[in-house]
Structure formats: structure tokens, C-alpha cells
Amino acid sequence: MQYREPGVLLWRGFTLQEFTNQLFGNKYDYGKGRQMPIHYGSNKLNYVTISSTIATQIPHAVGAAYSLKMDKKNACAVTYFGDGGTSEGDFHAAMNFAAVMEAPVIFICRNNGWAISTPTSEQFRSDGIAVRGPAYGMRSIRVDGNDALAIYSTVHAAREMAINERRPILIETLTYRVGHHSTSDDSTKYRPADEIEHWRKARDPVTRFRKWVKKNGWWNDEDESALRNDVRKKVLNAIQVAEKVEKPPLAELFTDVYDHPSSNLGEQERLLRETVKRHPKDYPIDVPV
Ligand SMILES: Cc1ncc(C[n+]2csc(CCOP(=O)(O)OP(=O)(O)O)c2C)c(N)n1
């Protein structure tokens, strides 16, 4: 997973409280407070922890898919990445490995035109990403990434192919990153404001989907404001609960990587405990040692 796919987790049933526990790094966070915010993961929901290190998850997904194939499981792996991720060596190694080993994996590339401030024109000269699939020996589907229904039927078809034929497939979703890359980015510094406004107003995928469900009589303004109020309340409640939960024990900072912690790790733990003891005012008392 990259960092723009919390929707997959929501869809699979990750609760708002589970999201919030991760954001607050409290003792119920499955990552034990050791990751940056938004790095969710769930064993139960088969969702490998988000990786901000661009593209590292792509070969991992191919390995997972190959293992599913060896175990004759009726399942496939799915991995997500941006256009920026395709400029990494990991992407190319993963694509080739998947094609040669015929691993049942769906690669979903979210081509939103920008990798932070780098436009796709400075990243590749190919016609987007979809053409790379056949070059490696796998099929590709290019789809309008702002059309929710088109995405649904594309992924549905891709999953059938990956599982029934036990082969990889690449999906390129064409879209535009209307938001800044992150809260520390100001995208008006490197692209025209009217371009952003055009996509925000004329091409917004939520507006488009809303129009469709309204036209079919499945949704109206009252439904929408009721849903918004309900979700706002649930989010605020989840925050209030999560912020009161104590942090994971300090000892957890040093577990789960090595079977036998190395001597320098032991030294770091000793130094940390000394520091906490020496500066009791600077460390919250709710951190168990
Ligand atoms: C290996 C690595 N190199 C650089 C970065 C810094 N970085 C963070 S996001 C990003 C851009 C990724 O491109 P894309 O997925 O297209 O991004 P977005 O659409 O989110 O802007 C970069 C270069 C990183 N996280 N990891």
C-alpha cells in the first residue's frame, strides 16, 4: 500500500477507532506507536502496513502473490502506487518478476499527473504507464480514475483474470491530484491555480458519482447531510477516545525486529530509560516503562 488508500481499509471494515488509534500512536495501535501517522495496517484484513518509502511495497506484493499461487489459494494480491512510484527500480523489478513467475497480482497505478512537484512529463516519455504492461508481458487496462463505476468494473474484471488465469495485470487510473501533495506542500508554487480549479470543479469524481446516484433516486441532499453529521460525530468521538488511551510501553520501541536484540539496541534502550528518569517533567507520566 502507498499512502492514499485508506478507502480500501474502510471498505474491509477497519473501524474509525482503529484508524484513530493509529493516528494517536496509542497502545491499541497495531504498529505499537512506532510508525508515522496514516501508516495503517491490519493482519485481520490482509492489509500490509502502508509504506511511505516509495515503491518498496510493489515487489513485496509480487512475492505475496507468488506465495498465494504456490499454496493454490483462490486469491490474488493487490498493490497501489503513484506515477512517481513507477520511476523507481522496484517497480520495474516487480513487473518483470510478476510477468515471468505469472504471479496473481493486480498493480494499480494512480496516475495523478504529479509526484509532489514533478510532473509526469519529467518522469517518463512513454504514453503513461499502461503501455509498460505489454512490454513486460502482461495485460493492462487504462481507466478513467475519476469514474467510480468504471474503476469498480475494471478492478472486478482484473481480479477475475488474476485469479482464474493466475497471472498479473496492470491497471492505470488516470486522474489529477487536486490537493497539495501533503500539508507541507503548496502546489500553487509549481502549477497554475486555474488548472487545479478546473479539476476541482468540472472533473470532481465525487460530484460525478453523486449526480448519478441522485439521478437514480438513491440519494438526496438530506441523506448527504445526515451522513455527514453522523460521520463527523463518529470521528470526533473516536478522537476523544483515542487521545485518552495511554501510549504503548517504552519497551515496545525495541521489540519485533531482532530475535535477539543487538548490543547497540540494548545500549540505546539503557540510555533512553536513563534520560526519561533524569527528565521526568519532559516525559508524559502515562508512558509505562
Ligand atoms: C524511496 C523514496 N524516495 C523519495 C521519497 C519522497 N517522496 C515522498 S512522496 C513522493 C512522490 C511520489 O510520487 P506519487 O506517488 O506520484 O505521489 P503523489 O501523487 O502522492 O504526489 C516522493 C518522491 C520517498 N518517500 N521514498
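Start with the open sheet: four strands in the order S1-S2-S6-S5, with parallel pairing. Strands here are DSSP E runs of at least two residues, helices are H or I runs of at least four, and both are numbered from the N terminus. Two strands pair if DSSP finds at least two bridges between them.

This is a predicted model, where local features need pLDDT of at least 70, side-chain atom pairs count only at pLDDT 80 or more, and totals for chains, interfaces and linings use all residues. Residues are numbered from 1 along each chain as its sequence is written, and side-chain values use heavy atoms, leaving out hydrogens and water.

Six bridges join S2 to S1, and the two run parallel. Find Phe-81: opposite stands Cys-109 in S2.

Now show helix H4 (residues 89-101). H4 packs on the sheet and touches S1, S2 and strand S6 (169-174). Contact means heavy atoms within 4.5 Å. The direction of H4 makes about 150° with that of S2; axes are lines fitted to C-alpha atoms, for helices over the stretch in contact, and angles run from 0 to 180 degrees between N-to-C directions.

Move to helix H2 (residues 16-24). Its buried residues are Glu-18, Phe-19, Thr-20, Asn-21 and Gln-22. Buried means under 20% relative accessible area, exposed over 50%, partly exposed in between (1.4 Å probe, protein chains only). Their cover includes helix H1 (6-12) and helix H9 (221-244). Just after H2, Gly-25 takes a positive phi of about 55°.
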